[in-house]
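Me: I would like a close look at one part of this model, the strand pairing and the side chains around it. Please take it slowly and state the cut-offs behind each term.

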Amino acid sequence: MIKQLLVAGATAAMLSVGTASAAVINLTSVTGLWTATTPVFPDVTGQNTNEIRWGNPATSSGQSGYRFDSAATPALVNENVAFNLGTFTHFNYPIYEPSLTFAQLTVQSTLEIDGVEETVMSVFEFQHWETPNADNPCANGGANNTGINSNGCADRVTFSLNVGASDSFLIGGVNYFVDIAGFFYDGGLADEFWTKENKSNTAMLKGLITSRPVSVPEPSTLALLGLGLLGLGVRRKMRQAA
């Protein structure tokens with residue numbers, strides 16, 4: 001009877017490994033602000049808001065700009081499935097100097113995991129190349145007036161590595177790992193894109209959540225537990241025989 005109870009307990013312990021009930025995870029808020037630029041105000045306007053503008057307009061289209069639109073919240077998040085945090089947009093219009101060369105975007109994301117609220121801070125840096133519209137060939141190596149350069153030479157946006165790439169939280173005996181992966185463009189994780197003149201271009205900021213129980217017995221530990229239970233049964237039989 002003792003052996004049966006111990007074996008049953010060990011079996012239950014083994015079944016519980018890696019099968020913790022899935023947490024309910026919600027993305028409750030996202031805020032993205034442009035917290036630094038080069039040059040600074042008044043050549044670039046909109047610092048500490050979600051949209052910056054720069055340049056003296058060469059047409060009625062207005063200034064060039066960057067904008068970050070936060071994802072709609074609250075939103076249900078599934079583990080191991082990429083989720084959207086917001087959309088970056090580059091507005092590319094013909095301008096005269098001065099032009100943006102650098103911008104920093106600070107994104108604050110708040111998640112609720114089984115009723116516990118946690119916040120992740122991420123910082124992204126953007127390098128901006130406002131190319132001469134009339135060059136031929138253009139800065140990207142293509143001919144002017146064709147393809148992406150059909151309205152004049154395209155401009156380049158380079159995305160930097162996320163300074164706060166990941167974070168982790170211990171909730172209810174489970175470690176949750178939040179990875180703010182970066183900006184996705186044309187189906188993949190991007191480090192740059194080129195935007196056609198007189199057009200806009202967008203990239204999606206995405207994250208990923210995974211989890212792991214704090215204490216997971218190693219296979220060797222489980223094997224030793226099984227051998228110990230087997231030995232207990234053998235010793236019990238020997239005592240009964242005596």
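Reply: Isoleucine 180 has glycine 207 in β16 as its bridge partner. The strand β16 (residues 199-213) runs antiparallel to β13, and 10 bridges join the two; strands here are DSSP runs of E of at least two residues, helices are runs of H or I of at least four, and both are numbered from the N terminus, while two strands count as paired if DSSP finds at least two bridges between them. This is a predicted model, in which local features need pLDDT of at least 70 and side-chain atom pairs count only at pLDDT 80 or more, whereas totals for chains, interfaces and linings use all residues. Residues are numbered from 1 along each chain as its sequence is written, and side-chain values use heavy atoms, with hydrogens and water left out.

β13 (residues 174-185) also pairs with β12 (residues 166-171), in the antiparallel sense and over 6 bridges, and within this pairing aspartate 167 stands opposite valine 178 of β13. These two strands form a hairpin with 2 residues between them, and glycine 172 in that turn has a positive phi of about 55 degrees. A further antiparallel partner of β13 is β14 (residues 188-189), joined to β13 by 2 bridges, with leucine 189 of β14 as the bridge partner of phenylalanine 184. β13 and β14 likewise form a hairpin with 2 residues between them, where aspartate 186 in the turn has a positive phi of about 55 degrees.

Phenylalanine 184 also takes part in a side-chain arrangement, as the charged end of lysine 206 sits over its ring, 5.2 Å from the centre; this term requires NZ of Lys or CZ of Arg within 6 Å of the ring centre and within 35 degrees of the ring normal.

Turning to ring pairs, the structure holds 17 aromatic pairs. The rings of phenylalanine 159 and phenylalanine 193 have centres 5.3 Å apart and planes at 85 degrees, so this pair is edge-to-face; rings of Phe, Tyr and Trp (its six-membered ring) pair if their centres lie within 6.5 Å, and planes under 30 degrees apart count as stacked, over 60 as edge-to-face and the rest as tilted. Because phenylalanine 159 lies in β11 (residues 155-159) and phenylalanine 193 in β15 (residues 192-195), the pair ties together parts that are 34 residues apart in sequence. Both phenylalanine 159 and phenylalanine 193 are buried, that is, under 20% relative accessible area with a 1.4 Å probe and protein chains only, where exposed is over 50% and partly exposed lies in between. Ring pairs link these two into a cluster whose members include Phe183 and Tyr185.
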